[in-house]
Amino acid sequence: MKEWADQLMATYTIFGGMPPNLVYALSMLFWAVVLLAWLAFLGLYLVWLERKVAARIQSRYGPIYVGGKFGWAQTIADSLKLITKEDLIPKEADRLLFTVAPIIVMTATFASFAALAFGSNLAAADLNIGVFYVLAISSLGVVGIIMGGWASNNKWSLYGAMRAASQIVSYEIPVALSLIGVIMFVGSLSLTEMSAFQEGGIWKWNIFRSPFLFLSAIVYFIASLAEINRTPFDLPEAESELVGGYNTEYSGMKFALFFLAEFANMFVVAAIAAAAFLGGGSGILPHHLLPIPGLINFLIKTFILILIMMWLRWTLPRLRVDQLMYVCWKVLIPASFILMLAVGLQMLVF
């Protein structure tokens, strides 16, 4: 708190005598604008990237006309189309809940970015309970999904919302349990401290410090795919069964918010994995041997994980609902619990 107070008073001097509360509010507003701009860019870029990855896997080109050879402006054009598209609300829908649902989903995702550590000393808010905060605030998105599915007054939307609720609530357990081993190892819930703990080269990364943490990283990655409704766990949006799931009745900007939140959630879970298991902003070699900025290291690891998620989407078939629950309750939860105990035993012995 003393360091924070000193920084605040230094800023207070720079701004020529502004009240500290106003300086604090302006700094929070600045970070909110920066993160919102990053979120908008991220959504556009990941949509374009997934199109190109899917095209490459399926031996085709993907977008190549709008924006030159690589079609980089195609997603911008599609976004403008969604923004200007007519906002349709079904006649029998609950208008208030139908409108609020995508806002809640997007707000929960946006709030998750506040505690993400983009390096060992770069975060909008360096919370000492960073992991707990991200897991808690991101789970609010399921409230918006249920709300949107129920308010649509469409049976396919309701089925998708119910699937999303059971899936997200179930898979939050192995996600949290797989991260507890890292928290025990580092001794902190702060994502920034986790990144700083792993500085010094690839041999200092948590994933290579213990075979149990290596297995925990695999459990986390699989469970996180289910939590953000990515293939092979994309049952809430299964087009072949539910037409489109909980967002079937949505169009225009409301649909765009659901879509943007899904891609932003990919970044969130990949960023947590990078910070907790893959060294955060730490490079493969120590900084004095390979002086790459921590932010660049962090983004490289995060986007590699996102590329793996996209690769899996166009490779694996979708699970059935009973298989989905079986993997969670009879495989991942027992495995993550055993790995958590094994990490504690390793720390006790060694």
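Biologist: Which helix does L44 lie in?

Modeller: L44 lies in helix α2, residues 20–57. Keep in mind that this is a predicted model.

Biologist: Is L44 buried, exposed or partly exposed?

Modeller: L44 counts as partly exposed, because its relative accessibility is 31%.

Biologist: What does L44 form on the surface, and with which residues?

Modeller: A nonpolar patch. L44 forms it with W72, I76, L80, I83 and M253. Together they have about 580 Å² of accessible area.

Biologist: Which helix gives the largest share of the patch?

Modeller: Helix α3, residues 74–84. It supplies 3 residues.

Biologist: New topic, aromatics. How many aromatic pairs are in the whole structure?

Modeller: A search finds 18. One of them is Y45 with F303, where the ring centres are 5.7 Å apart and the planes sit at 85°, so the pair is edge-to-face.

Biologist: Where do Y45 and F303 lie?

Modeller: Y45 is in helix α2, and F303 is in helix α13, residues 294–313. The two are 258 residues apart in sequence, so their pair ties together separate parts of the chain.

Biologist: And is F303 buried or exposed?

Modeller: F303 counts as buried, because its relative accessibility is 16% and the cut-off for buried is under 20%. Y45 has 32%, so Y45 counts as partly exposed.

Biologist: What about F255 and F259, stacked or edge-to-face?

Modeller: Stacked, because the planes of F255 and F259 are at 20° and stacked means under 30 degrees. Their ring centres are 5.8 Å apart.

Biologist: Where do F255 and F259 lie?

Modeller: Both are in helix α12, residues 252–276. They are 4 residues apart, about one turn of the helix.

Biologist: How accessible are F255 and F259?

Modeller: F255 has a relative accessible area of 25%, so F255 is partly exposed. F259 is also partly exposed, at 33%.

Biologist: Which residues do ring pairs link into a cluster?

Modeller: W38, F41, Y45, W48, F113, F118, F267, F298 and F303.

Biologist: Switching to charges. How many salt bridges are there?

Modeller: The search of the whole structure finds 7. In one of them, the side chains of D78 and R51 meet at 2.6 Å, N to O.

Biologist: Which parts does the pair of D78 and R51 tie together?

Modeller: D78 lies in helix α3 and R51 in helix α2, so the bridge ties together parts that are 27 residues apart in sequence. R51 counts as partly exposed, because its relative accessibility is 32%.

Biologist: Which residue does R318 form a salt bridge with?

Modeller: D234. The closest N and O atoms are 2.9 Å apart. This pair links distant parts of the chain, 84 residues apart. R318 is in the loop between α13 and α14, and D234 is in the loop between α10 and α11.

Biologist: D234, buried or exposed?

Modeller: D234 counts as buried, because its relative accessibility is 12%. R318 is at 27%, so R318 counts as partly exposed.

Biologist: What about D322? Which residue does its side chain meet?

Modeller: R320, in a salt bridge of 2.9 Å, N to O. D322 has a relative accessible area of 43%, so D322 is partly exposed.

How values were computed
Residues are numbered from 1 along each chain as its sequence is written. This is a predicted model: local features need pLDDT of at least 70, side-chain atom pairs count only at pLDDT 80 or more; totals for chains, interfaces and linings use all residues. Side-chain values use heavy atoms; hydrogens and water are left out. Patches are made of residues with over 30% relative accessible area and no salt bridge: like charges are joined within 9 Å, nonpolar side chains (Val, Leu, Ile, Met, Phe, Trp, Tyr) within 5 Å. Accessible areas come from the Shrake-Rupley method with a 1.4 Å probe; for residues, only the protein chains shown count as cover. A salt bridge is a side-chain nitrogen of Lys or Arg within 4 Å of a carboxyl oxygen of Asp or Glu. Buried means under 20% relative accessible area, exposed over 50%, partly exposed in between (1.4 Å probe, protein chains only). Rings of Phe, Tyr and Trp (its six-membered ring) pair if their centres lie within 6.5 Å; planes under 30 degrees apart count as stacked, over 60 as edge-to-face and the rest as tilted.
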